Amino acid sequence: MTAEPASATILLVEDEPAVKGLFAQALRREGYTVHEARNGVEALEVEKTIAHVDLLVTDVVMPYMRGPELARHLRAKQEDLRIIFVSGYVAPGDLGDHFALLQKPFVRQKLIEKVKEALGEGKL
């Protein structure tokens, strides 16, 4: 029995091009539709072109707009938006209990597990 391919749409926001590329590649391999942005301002523009975003995966510390500010803007438009913050500088609990936090550095498998958990798809 093979697993169903993933079908969620993810908005991935990361200011480090190499890191963003690795994240996007890992998520696409799982079957997710991934839209990429380099920062929060760009993410707001990209989001306008997407019918529905299931999950926002965003770095916390970025130029122009921090991840939490971006999340507030997007949640104001879409209350059911699920969010995973990614950071090497923020401790669990610093962002509140309503958000998932994935601390850098991490392995690909941890990213996939966190995404599946946030989307309610269970673990691999």
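1. The largest cavity has a volume of about 30 Å³, a volume being the space filled by probe spheres set on grid points joined across faces, edges and corners. A cavity here is a set of points on a 1 Å grid over the protein atoms alone where a 1.4 Å probe fits but cannot get out. The count comes to 1 cavity of 30 Å³ or more.

2. Before going on: this is a predicted model, where local features need pLDDT of at least 70 and side-chain atom pairs count only at pLDDT 80 or more, while totals for chains, interfaces and linings use all residues. Numbering runs from 1 along each chain as its sequence is written, and side-chain values use heavy atoms, with hydrogens and water left out.

3. What lines the largest cavity? Glu 47, Val 53, Leu 74, Gln 78 and Leu 81 do (an atom within 4 Å of a point). By class that lining splits into 3 nonpolar, 1 polar and 1 charged.

4. Glu 47 and Leu 74 also turn up where helix 2 meets helix 3, along with Gly 40, Ala 43 and Leu 44 in helix 2 and Leu 70, His 73 and Lys 77 in helix 3 (contact means heavy atoms within 4.5 Å). That contact has 4 nonpolar, 2 polar and 2 charged residues.

5. As for geometry, helix 2 (residues 40–47) and helix 3 (residues 67–77) pack at about 20°, axes 10 Å apart. They are therefore roughly parallel (angles under 35 degrees), and their crossing is right-handed.

6. The other pair is helix 1 (residues 17–29) with helix 4 (residues 108–118): their axes come within 10 Å and cross at roughly 60°. That makes helix 1 and helix 4 oblique to each other (the class left after under 35, over 145 and 65 to 115 degrees are taken out). Helix 1 passes helix 4 in a right-handed crossing.

7. Phe 23, Ala 26, Leu 27 and Arg 29 in helix 1 meet Arg 108, Leu 111, Ile 112 and Val 115 in helix 4. The tally is 6 nonpolar, no polar and 2 charged.

Methods:
Axes fitted to C-alpha atoms, helices over the stretch in contact; angles between N-to-C directions. Helix = DSSP H or I, 4+ residues; strand = E, 2+ residues; numbered from the N terminus. Left-handed = near helix turned anticlockwise from the far one by under 90°. Nonpolar A, V, L, I, M, F, W, Y, C, P; charged D, E, K, R; others polar. 1 Å grid on protein atoms, 1.4 Å probe; cavity = no way out; pocket = protein on both sides within 12 Å on 5 of 7 lines; lining within 4 Å.
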